[in-house]
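Hi everyone, thanks for coming. Let's walk through one model together, going from the whole chain down to a single residue.

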Amino acid sequence: MNEIAVTEYVLPVERSGGVRLVPRPATADPVKLTPPKTGGTGAPTHAVVMAGGRGLRLHPHTLTSPKPLVTVDGKPIVEIILRQLRGFDITHVTLCVGYLASMIKDFLGEGRQLGLKLDYYVDQEPLGTAGPLAALPEWDEPVVVMNADVLTALNFGELYSTHQNRGAVLTVAAHVMEMPISQGLLAVSGSTVQGLWEKPRMELDVCAGVYVLSAEARAEIPADRRFDMTDLIQALLDQGRPVVAHRFTNAWHDMGTPEGLEQARRSFAEHRSDYLPRQSWTNGSLS
């Protein structure tokens with residue numbers, strides 16, 4: 001991956017965090033962001049997959065099936081996620097399940113065919129995207145946490161290294177989403193033109209639903225009540241705790257809507273090797 005230097009401009013708006021204007025590259029190739037070259041500090045061994053939602057936005061696909069079992073190229077998305085995690089040497093995965101939990105447990109079992117140790121936490125009441133973590137056994141090493149409706153080619157090893165190297169209590173995978181602007185963009189203050197950028201790209205840092213949590217972050221999650229990951233991030237920021245973004249441009253799709261699901265299916269069919277090595281796709285059949 002070649003590093004491309006880009007000039008960043010501050011938008012003339014009050015809240016400019018997470019939004020950048022950058023010149024369009026000379027070619028149509030997407031900008032690739034290179035993470036800092038730092039020494040590695042180990043690899044993740046444990047991941048938690050949040051798979052308990054009812055998937056209301058994904059009707060009719062989730063009327064009789066839980067969202068994690070919705071298929072991409074013939075295999076449930078949760079199986080693809082587990083194969084990806086195993087490909088980064090993660091050996092223990094906890095699935096937080098709720099809606100139609102028995103169907104997920106019956107399909108995945110103990111995870112032996114995937115080379116994994118699987119265990120389950122069942123939400124009796126919906127506790128949000130972070131709440132179930134408070135009920136899990138405590139952990140010492142940072143844990144990868146992700147939603148079960150995400151298809152991504154994110155490098156989980158690089159995400160984990162960012163967390164370790166930056167001394168974060170929580171690291172957020174931030175997908176860099178590009179929005180081309182087809183006109184020249186003016187920066188105006190009052191009636192004064194302060195800048196002009198000809199057909200720039202707007203870059204947005206989008207929360208990708210993948211995180212790394214240290215034990216200190218987990219300790220801030222209240223027990224037995226709904227608590228979302230956005231609540232946890234805000235609580236840590238209010239305390240001045242180090243929350244870090246890991247920016248990435250690899251493929252990423254939110255499968256929570258029918259439109260997003262179809263986009264994910266097309267992308268996976270065309271670029272399967274970007275998501276899974278060939279041997280990972282065929283080893284240990286579950287179906």
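Predicted model: local features only at pLDDT ≥ 70, side-chain atom pairs only at ≥ 80, totals over all residues.

Residues are numbered from 1 along each chain as its sequence is written, and side-chain values use heavy atoms, with hydrogens and water left out.

So how confident is the predictor? pLDDT is its confidence in each residue, from 0 to 100. The average for the protein chain is 84, and 82% of the residues reach at least 70. Be careful with residues 1–16, where pLDDT stays under 50, and with residues 25–40, where pLDDT also stays under 50.

On to the fold: there are eight helices and 14 strands in the protein chain (DSSP runs numbered from the N terminus: helices are H or I, at least four residues, and strands are E, at least two).

Let's zoom in on His253, which sits in strand 14, residues 252–254. Is His253 buried or exposed? Buried, because its relative accessible area is 15%, and buried means under 20% (exposed is over 50%, partly exposed in between, with a 1.4 Å probe and protein chains only). Beyond its neighbours within four places in sequence, His253 is in contact (heavy atoms within 4.5 Å) with residues including Asp149, Leu151 and Tyr275.

Methods: pLDDT = per-residue confidence, 0-100.
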